[in-house]
Amino acid sequence: MQDQLSRTFSALADPTRRAMLARLSSGEANVSDLAQPFLGEMSLPAVTKHLQVLEKAGLITKTRNAQWRSCKLNGDGLKDAANWMEQYRVYWEESFDRLDAYLKTVTAKKPPTGDENV
Amino acid sequence: MSEFNAPNEIRIVRLYDAPVQAVWDAWTDPAQVAQWWGPRGFSITTHSKDLRVGGHWRYTMHGPDGTDWPNNTKYLEVEPLRKLVYDHGGNDTQPPLFRVTVLFDEVDGQTRMDMTMTVADAETAAQTRTFIKHANGDSTWDRLAEYLGKRLRDEDQFVINRSFEAPQEVVFDMWTQPEHLARWLPPTGMEMRFLHADIRTGGRSLYSMGNEQFTLYGRAHYEQIRRADLLVYTQQFCDEHENISRHPMAPLWPETMRTVVTFHAETPTRTRVTVSWSVAGHATAEELAVFLDHRASMMGGWTGSFDKLEAILAA
């Protein structure tokens with residue numbers, strides 16, 4: 001069983017869903033508008049499924065207007081996921097890990113000084 | 001091997017852009033400590049603080065998951081603006097977990113904090129180091145830098161430090177030579193390519209980053225480069241013709257971000273890198289809010305970070 005935080009992060013791990021969130025960050029949108037950019041690569045039911053994942057993760061809420069089903073961002077869902085600094089930290093920690101690994105390959109290429117005991 | 005610390009020690013050195021009085025106050029005033037003490041996501045409640053030899057600081061740390069961690073510190077030496085020595089983690093039923101010595105030293109308006117945690121032996125030190133890494137304990141000292149920047153200069157910034165086992169000149173090259181940068185900077189699965197690069201003070205570069213699905217372009221302006229200790233650049237997303245654009249995944253991400261990287265030799269073969277990230281120029285209130293807001297990070301396009309964070313959370 002997945003907890004809410006894991007659901008939130010697995011929802012965020014998909015580029016289509018992140019693109020949908022990006023679209024919603026500029027305002028509420030109805031389902032067909034949200035689906036439109038993706039219809040070349042996936043079916044409408046597939047789009048709907050992505051929206052369901054986002055809704056289950058607490059990242060968006062669906063509202064029912066007179067005629068349209070529309071979606072909007074749920075700020076609380078994002079807030080619960082982690083605070084923003086934590087994301088920067090993870091990004092930089094990973095970059096530093098890559099630099100650390102790369103540095104080892106760079107320094108390993110240098111000729112030994114000769115007085116090293118193996 | 002470097003002699004930065006003894007085998008049974010964990011040593012942390014940081015340079016803060018603040019006079020020693022401000023750093024000392026941040027450490028010792030419970031109201032200020034509450035603003036930054038603990039890993040990111042933690043908060044604390046001080047129950048009592050008696051800052052004198054033999055006195056105790058009793059506090060509870062509240063973890064992001066709601067767990068409370070009681071803490072007890074006993075001061076052994078208190079020299080205002082210069083030195084603190086304390087035992088941490090002891091109580092009636094258990095001996096202290098470790099002893100900490102912190103030295104403060106102001107040079108040219110900046111304060112060097114040199115902190116050493118001493119434990120029983122090398123094995124305990126290795127375990128403690130693993131625990132600190134797992135708990136993101138080092139982020140405490142980054143939070144102190146952010147707190148001081150906000151308090152003294154009203155700066156909103158993100159700060160992170162890491163020490164690498166390599167000479168300062170080598171680490172500096174990693175950040176300033178395009179062929180090196182492209183090998184480690186892009187997130188896993190992404191390829192970085194420089195279309196042009198003139199990495200010197202006043203110079204500019206244009207690069208692409210992407211994979212089979214998409215390509216992003218970015219441009220950097222190098223405001224200041226001082227070998228081998230300082231690198232200041234601003235960055236913008238753009239198209240392949242260098243017209244400034246917004247990140248497709250984060251339309252409200254501030255247009256220009258400034259990165260300041262400083263390099264300090266901790267030993268001849270060990271280098272500390274400090275990265276500070278802030279919004280540059282005129283960000284709208286909304287953009288600034290996005291930078292400071294959780295949402296920005298969620299959509300910042302740091303794809304690899306999310307995927308890895310997910311893997312960590314799933315583990």
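**Fold and packing**

From the N terminus on, the elements of chain A run α-α-β-α-α-β-β-α-α. The model is a predicted one.

Me: How many helices and strands does chain A have?
Reply: The order of elements from the N terminus is α-α-β-α-α-β-β-α-α. Counted by type, chain A has six helices and three strands.

Me: What percentage of the residues in chain A is buried?
Reply: Buried is taken as under 20% relative accessible area. For the 118 residues in chain A, the buried part comes to 46%.

Me: In what order do the three strands of chain A lie in their open sheet?
Reply: The pairing in this sheet is antiparallel. Strands S1 (29–30) and S2 (60–64) of chain A are the edge strands, and each pairs on one side only. S2(A) is joined by five bridges to S3(A), residues 69–73, and Arg64(A) stands opposite Arg69(A) there. The order is S1-S3-S2.

Me: Which strands of chain A does H4(A) lie across?
Reply: H2(A) lies across S1, S2 and S3 of chain A and runs at about 90° to S3(A). H4(A) runs at about 110° to S2(A). The strands that H4(A) lies across are S2 and S3 of chain A.

Me: Are H2(A) and H4(A) roughly parallel or roughly perpendicular to each other?
Reply: The axes of H2(A), residues 15–24, and H4(A), residues 44–56, come within 10 Å and cross at roughly 75°. Angles of 65 to 115 degrees count as roughly perpendicular. H2(A) and H4(A) are therefore roughly perpendicular.

Me: Which residues of H4(A) meet H2(A)?
Reply: From H2(A), the residues taking part are Thr16(A), Arg17(A), Met20(A) and Leu21(A). By class, the contact of the two helices has six nonpolar, two polar and one charged residues. On the H4(A) side the residues are Val47(A), His50(A), Leu51(A), Val53(A) and Leu54(A).

Me: Which residue in the turn between S2(B) and S3(B) has a positive phi?
Reply: S2(B), residues 43–49, and S3(B), residues 56–62, run antiparallel and are joined by six bridges. Within this pair, the bridge partner of Ile44(B) is Met61(B). The two strands form a hairpin with six residues between them, and the turn residue with a positive phi, about 90°, is Gly54(B).

Me: Which residue takes a positive phi in the hairpin of S3(B) and S4(B)?
Reply: Seven bridges join S3(B) to S4(B), residues 68–79, and the two run antiparallel. His56(B) stands opposite Lys74(B) in S4(B). Five residues lie between the strands of this hairpin, and the positive phi, near 95°, belongs to Gly66(B).

Me: Which element gives the largest share of the largest nonpolar core?
Reply: This core has 38 residues, of which Trp92(A), Met174(B) and Trp175(B) touch the most other members. Eight residues make up the largest share, and they come from H6(A), residues 84–108.

Me: Which residues of chain A is Trp175(B) in contact with, leaving aside its neighbours within four places in sequence?
Reply: Within chain B, the contacts of Trp175(B) include Leu181(B), Trp184(B), Leu231(B) and Tyr233(B). In chain A, Trp175(B) is in contact with Trp92(A), Phe96(A) and Leu99(A).

Me: How many residues are in the other core, which lies apart from the largest one?
Reply: Among the members of this other core are Ile12(B), Tyr16(B), Ala18(B) and Phe104(B). The number of residues in it is 37.

Definitions and conventions
Residues are numbered from 1 along each chain as its sequence is written. Chains are lettered from A and ligands numbered from 1 in the order in which they are written. This is a predicted model: local features need pLDDT of at least 70, side-chain atom pairs count only at pLDDT 80 or more; totals for chains, interfaces and linings use all residues. Side-chain values use heavy atoms; hydrogens and water are left out. A nonpolar core is a set of buried Ala, Val, Leu, Ile, Met, Phe, Trp, Tyr and Cys residues joined through side-chain atoms within 4.5 Å. Buried means under 20% relative accessible area, exposed over 50%, partly exposed in between (1.4 Å probe, protein chains only). Helices (H or I, at least four residues) and strands (E, at least two) are DSSP runs, numbered from the N terminus. Contact means heavy atoms within 4.5 Å. Two strands pair if DSSP finds at least two bridges between them. Axes are lines fitted to C-alpha atoms, for helices over the stretch in contact, and angles run from 0 to 180 degrees between N-to-C directions. Angles under 35 degrees count as roughly parallel, over 145 as roughly antiparallel, 65 to 115 as roughly perpendicular and the rest as oblique. Ala, Val, Leu, Ile, Met, Phe, Trp, Tyr, Cys and Pro count as nonpolar, Asp, Glu, Lys and Arg as charged, and the others, Gly among them, as polar.
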